[in-house]
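Colleague: I would like to learn how to read helix packing and nonpolar cores. Please start with the handedness of a crossing.

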Amino acid sequence: MARTARLMRLMDALRRTRGPVTAQQLAQETGVSNRQLYRDIATLRAGGALIDGAAGLGYTLTEDSALPPQSFSRLEIEALVLALSGLDQLADPALTRAGQDAMARIIATLPDRQARQAMNTALRSFRRPDDRPPVIIDMTLLREAIWEEHSVTFHYTDLKGRGTDREVWPLALSYGEGHLMLLGHCRTRMDFRLFHVPKMQDLAAGTESFRPRRVALVREFAQTRGKLPEVRS
């Protein structure tokens, strides 16, 4: 892991914790040795981060100079926390962790009173977890393909149990109740298709770039979706 990325990951870990966290926990979080962790703490302190604690006592981030101060109303804070709390229902650990890191950064920029409100919100989401089928493809690769606008290939088993190999322009992911769907433009069918992500296997980067057409294609689909069945895969 590059040094800058490692230090950012360490800062995120410190932001997520409310009390002292041990060097061993932080080292495991960032994938380094305890000795390297101590050096990274020293580097962050030298860069202006106020980190209380020492080896054997644990560390707490008390002032985060890397982020500008922000202010939100009590209801805005409650809305953000409530929305992000729903991520753990989606069975996507990377997405859940990204939300936790984002919320930790927001809290780190708030005045003390608002930060305490964010850590002790009154609104909670207690939905029963969806019974979602497992996803076996690399979701990081799929998200990168959507953002970078390049095709992906995969083996797909449709709702009737028929298997096909596809090359698709991935356009968007839809996290519905109990379902995770990929909206794509299938290069075999030369048309829009909705794919059940748990039915995708052997995902790999394709050879086609469709930049900068993703936004236009999503708009085109939105205009014609009333003519399409819910799933055409």
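Modeller: A crossing is left-handed if the near helix is turned anticlockwise from the far one by less than a right angle, and right-handed if clockwise. Helices (H or I, at least four residues) and strands (E, at least two) are DSSP runs, numbered from the N terminus. Here, the crossing of α4 and α5 is left-handed. This is a predicted model, where local features need pLDDT of at least 70, side-chain atom pairs count only at pLDDT 80 or more, and totals for chains, interfaces and linings use all residues. Residues are numbered from 1 along each chain as its sequence is written, and side-chain values use heavy atoms, with hydrogens and water left out.

Colleague: At what angle do α4 and α5 pack?

Modeller: Axes are lines fitted to C-alpha atoms, for helices over the stretch in contact, and angles run from 0 to 180 degrees between N-to-C directions. For α4 (residues 74-85) and α5 (residues 93-108) the angle is about 165°, and the axes are 10 Å apart. Angles under 35 degrees count as roughly parallel, over 145 as roughly antiparallel, 65 to 115 as roughly perpendicular and the rest as oblique. The pair α4 and α5 is therefore roughly antiparallel.

Colleague: Which residues make the contact?

Modeller: Contact means heavy atoms within 4.5 Å. Leu80, Val81 and Leu84 of α4 meet Gly99, Met103 and Ile106 of α5.

Colleague: And what is a nonpolar core?

Modeller: A set of buried (under 20% relative accessible area; exposed is over 50%, partly exposed in between; 1.4 Å probe, protein chains only) Ala, Val, Leu, Ile, Met, Phe, Trp, Tyr and Cys residues joined through side-chain atoms within 4.5 Å. The largest one has 17 residues, and Leu14, Leu26, Leu37, Leu44, Ile51 and Tyr59 touch the most other members. Its largest share, five residues, comes from α1.
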